[in-house]
Amino acid sequence: MSNLSTRLSQFKTSSPLSFRLLAYILLFSSLFTLFASAIQVYTDFRKDVSLVDERMSVIETSYASSLSRSLWALDQKLLQVQMEGILSLPDIVHLRLKIYPDSEVVMGEVPRETSTMTRTFVLTHEGDELYKLGELTITASLADIYQDLRRKVLVILTTQFFKTFFISVLIIWVFQYFVTRHLTTMAQYARSFSLRNLQQPLALDRPDTEVNRRDELSQVVDAFNQMRERLNEDMQRQEEDASEIRKLSLAIEQSPSSVIICDRHWHIEFANHKFSQLTGFTLGEIRGKHPGMLTSDTFSQRENQQLWQNVRLQVQRVGVWQGEINSARRSGERFWEQVIVTPIKDVDGNPTHYLILGEDISIRKRYEQQLLRQANYDILTGLPNRMLALDRLKLALAQARREETLVGVMFLDLDNFKHINDTMGHEAGDNLLIEASRRISSCLRGTSTVARLGGDEFLVILPGLHEPDATEQVGDRILQTFAPPFQLNGQEVFVSTSIGIAIYPTDSDNSGNLLQHADAAMYQAKSKGKSAYERFAPEMKEVSHERLQIESRLRRALELDEFELYFQPIVETASGQLIGAEALIRWNSPTMGLMMPDKFIPLAEETGLIIPIGEWVIQQACAAARQWHETTGLKLSIAVNVSPRQFRDPSFVDAVSRAVSEQRLDPACLELEITERLILDNTIETADILRRLDEMGVRLSVDDFGTGYSALSYLKSYPFDTLKIDKSFIRDVMIEPGDAALVRAIINMAHSLELQVIAEGVEEEAQTHFLQAQGCDYAQGYFYSRPASADSFVEWIRNNHRASCT
């Protein structure tokens, strides 16, 4: 064994490549062998286990009937004989017969240190009725199976290891003889290779046959020898070229322009005195470097690399390059340089060197940039002005046409700027514009443009977009950055902005039209209450006009008594008994017809009209519940949706208390439905309002549970009584296993928190059976009744149900 270790160590030292190949062959062969063997062993193991399981199934089939008869006849002796017969079967080590109600017979022992398999089946007797007599638990030992498994693993691993090892050694010996020893010869040749022995070719110690001349080793030998010949030719040519360069350097050393001469690989070979005077670099410091890589700044190196790549390509195509470069001196100072690059060609027209002439134009560039800035930038904010912004917009549109991308145009106007400018002075107004421009710029990426068009109007250009929604994301960021107050003359001033958005090519392919559309959208945003953004739409003017009409009529709808309540019954799922109803508002406008809540409630939320409307709904709902009690004798509950803005109104709790008191309604018959989003607002005010309502006796319900963010952690913290499962889950409960599992989980979770559950949107009888099976408390939906007016609902009660308030 020590001799084998010694041989392997020598082999590893003399032929590392062969040793690694041997290691990889052993490794991957072993892994494959282990994998294949593991599959075979596992298959055999599963087969043995399945035999045991099959044997236990046979026991259940064969003995269940006879054991049941023995139990029914109370024949203890026969029962013991039967169990001993089962225990004598292979692998069966333990039996436990549990005789109802409280007797037990145990035979055999369960091994402690080995794996077992158990099966239990019930013994029954079928007469006039089916009687459960007991149950038999059978335990089988897997000890023999695991012992056989260990033996197989040992045999397979041993045989496969020796087979893999000897085959690998044979392969490596062949590889070492035919390949590795020749690679060693090549390595020794390469180590001794130098410009002084270019005449000595590389040759391998092997027969010169046709087969050997075509293989890879022969190709490598030919490549070495061809390289040797090329180097020999290049050395002679470089000696001739160096002589010419020395003559050229003497002629241009006194040139008033900086001069650099590079070889054909763009490595500096010469720099005149003017270049050293201009940049501070000596020839010794830059020799062999690329002219664009003289600075140590990594960022500048990347920029220069791209620039000089363009220079090289143009010199190759045109024969000369002329342009301006922002160069760097040895001290790191930047300066502008007018540069001309031309190739120096040999008699065949091939470039052998490159001549780079430079002239310092920093003073001229400074004047040009000053004039350009005055013509294109706003003096107050430093942003591009209208002229430059329109130029960039046209460029962005041209690029978008080529690349088939989108361009977003955003028109911004500061809200109430004129009032601040008039009351606090023009200096404060200027400071506000400067800070506003800074905040807007902070929300944009590098390729975007923000410009001041004049006054308090700004333009944002977003080129290269792939989705229209990207403009809305920028709009959100701008609105958020305007949320903190501005500091003007030592005072905190809150200023918002209204944003209009137009998109190329969706809204227009013309820059002028895009600006007009963005401007129209901005005014639409202002009409929504400011501090908002709005996307342009062709019907925007009509929508804006319709919105103003709805808002105007909505403000008078209450005093003109145009609202009415519809009611949808809520029934007990198990019995179908009516327990209450949900109040749903409708707007019956004489000019616009019957309007559903989704048409006017969002507008009521924005304008604040939701507070008086919500108070009216609670009053009318309580009055309806009291009227049902008087006219039908049924004490029904009434559920009312509460909007977030209505809930946070300081007078909300008092309004609820006043409605219950004035309508002489038991508070337990009023249920307020709170959205999941509202209870996530975990504030002291929210908790206090819910606590006061609970103390009043009003029931609280979580509406549309599951459609928003999860509020599970808050359900146990707040005094809720009911949880309503959203109709989107109920709709597909019979066809989508995922929805069924989710509804089942919600019901179980709610019951564990002592909450009652109402399922919304029940439309089919099969859904009611599912909810009954899952223990859902209540249900509502079209299956029972569509929302009905007050009179129709009373008629429905009389024709269909009796009820009580729980």
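Visitor: Which element gives the most to the nonpolar patch?

Guide: That is α2, with five residues, where helices are DSSP runs of H or I of at least four residues and strands are E runs of at least two, numbered from the N terminus. The model is predicted, so local features need pLDDT of at least 70 and side-chain atom pairs 80 or more, whereas totals for chains, interfaces and linings use all residues. Residues are numbered from 1 along each chain, and side-chain values use heavy atoms, without hydrogens or water.

Visitor: Which residues make the nonpolar patch?

Guide: A patch joins nonpolar side chains within 5 Å, or like charges within 9 Å, from residues with over 30% relative accessible area (Shrake-Rupley, 1.4 Å probe) and no salt bridge (Lys or Arg nitrogen within 4 Å of an Asp or Glu carboxyl oxygen). Here Tyr 24, Leu 27, Phe 28, Leu 31, Leu 34, Val 153 and Leu 157 make a patch of about 650 Å². Two or more residues come from each of α2 (16-73) and α4 (143-192).

Visitor: How many cavities does a search of the whole structure find?

Guide: Rolling a probe the size of a water molecule over the atoms shows where empty space is left. A cavity is a set of points on a 1 Å grid where a 1.4 Å probe fits but cannot get out, and lining residues have an atom within 4 Å of a point. Four cavities of 30 Å³ or more are found here. The largest cavity is lined by 21 residues, with Pro 291, Leu 294, Ser 327, Ala 328 and Glu 337 nearest its centre.

Definitions and conventions: On a 1 Å grid over the protein atoms alone, a cavity is a set of points where a 1.4 Å probe fits but cannot get out, and a pocket is an open set with protein on both sides within 12 Å along at least five of seven lines; lining residues have an atom within 4 Å of a point. Grid points are joined across faces, edges and corners, and a volume is the space filled by probe spheres set on the points.
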